[in-house]
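Hi there,

Here is the structure I promised to pass on. My notes on what turned up in it follow just below.

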Amino acid sequence: GPPELFYNESEAIKYTNNSRIIEIQMSMSSRAIELLNLPDDQPSFILDVGCGSGLSGEGITEAGHYWVGMDISPSMLEIAVERETEGDVVLSDIGEGVPFRAGTFDGVISISVLQWLCNADKVTHNPFKRLRRFFTMLYSSMRSGGRAVFQVYPESPKQMELITEQATRCGFTGGVVIDYPNSTKAKKIFLCLFAGTPVTSCQLPQGLGTEQENTVQYSNDRFTGKKRKRTGDVTRREWIQNKKQKMRAKGKEVTADSKYSGRRRKPKF
């Protein structure tokens, strides 16, 4: 079901009072803040996407920064207000965009939220459009060179590919950082995005738990939608004949080969 129903009043109370959940949430938010690579000599203004009851915001406050949070669950935000968190909270569906002025935030963090946008909980929900709207408005709300770090639980590699592709289409660069990739319980996936050219470093940070490279780098070029050209020594005729052979093997009807197969047609005037 949709997150605003999943995190109702009773579940919100359980979530906030569970010591194990609090420990995990604080640990992941601390790691996300570390991946932001913010300057140490001055406080920054952070957006907490899917702030819930303000557990992640407490980590931001402890790190010496200011923050604003947005969440779709009224019950979770009510608890955040009751707990008197330092940051302001906004009731908002991130699939409808980020309602802040351009260049507002120095950085963005999000814990266990982004994968919800891949679900079509309502008839009007289109995951492609909702992700595109979110990333477009998020990019605008960040200052040039800022970072956004999303801790995610993708259901499949295809879902992760959908998220990263939409982020790239909207102008972000960056990639995936995986902490403890060989551990079933400790493994955590972070999507680290750069809005413009980072002030500190454009290199992805190293994941925890291994000395080997465990990050997935994405191209700095924006997605154009154009198909890649065939490479290698395969001619146009050979490629068509191989394609026909595969279709015949599947039992499909294919036109017979002739001396004209693979020839380019002359332009007609």
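Helices (H or I, at least four residues) and strands (E, at least two) are DSSP runs, numbered from the N terminus. Residues are numbered from 1 along each chain as its sequence is written, and side-chain values use heavy atoms, with hydrogens and water left out. Please keep in mind that this is a predicted model: local features need pLDDT of at least 70 and side-chain atom pairs count only at pLDDT 80 or more, while totals for chains, interfaces and linings use all residues.

First, the overall picture. The chain has eight helices and eight strands. Of its 269 residues, 42% are buried (under 20% relative accessible area, with exposed over 50% and partly exposed in between; 1.4 Å probe, protein chains only).

Next, some loop residues. Ser-112 sits in the loop between strand S4 (105-111) and H6, and its phi is positive, near 55°, although the residue is not glycine. Tyr-180, in the loop between strand S6 (173-179) and strand S7 (188-195), also has a positive phi, near 50°. Tyr-180 counts as partly exposed because its relative accessible area is 36%.

Now to a pair of helices. Helix H6 (residues 127-141) packs with helix H7 (residues 157-169) at an angle of about 45°, their axes 9 Å apart. Therefore H6 is oblique to H7 (angles under 35 degrees count as roughly parallel, over 145 as roughly antiparallel, 65 to 115 as roughly perpendicular and the rest as oblique). The axes are lines fitted to C-alpha atoms over the stretch in contact, with angles running from 0 to 180 degrees between N-to-C directions. Phe-128, Leu-131, Arg-132 and Phe-135 of H6 make the contact with Leu-162, Ile-163, Gln-166, Ala-167 and Arg-169 of H7 (contact means heavy atoms within 4.5 Å).

Helix H5 (residues 74-82) has Ser-75, Met-76, Leu-77, Ile-79 and Ala-80 buried. These buried residues pack against helix H2 (9-17), strand S2 (66-71) and strand S3 (88-91). After H5 comes Glu-84, with a positive phi near 55°.

Finally, is Arg-31 buried or exposed? Arg-31, found in helix H3 (residues 19-36), has 8% relative accessibility and so counts as buried. Leaving out residues up to four places away in sequence, Arg-31 touches Val-177, Asp-179, Phe-190, Gln-206, Gly-207 and Leu-208. The side chains of Arg-31 and Asp-179 are joined by a polar contact of 2.8 Å (a pair of N or O atoms within 3.5 Å; within protein, one must be able to donate a hydrogen and the other to accept it, and residues adjacent in sequence count only if both atoms are side-chain atoms).

Best wishes
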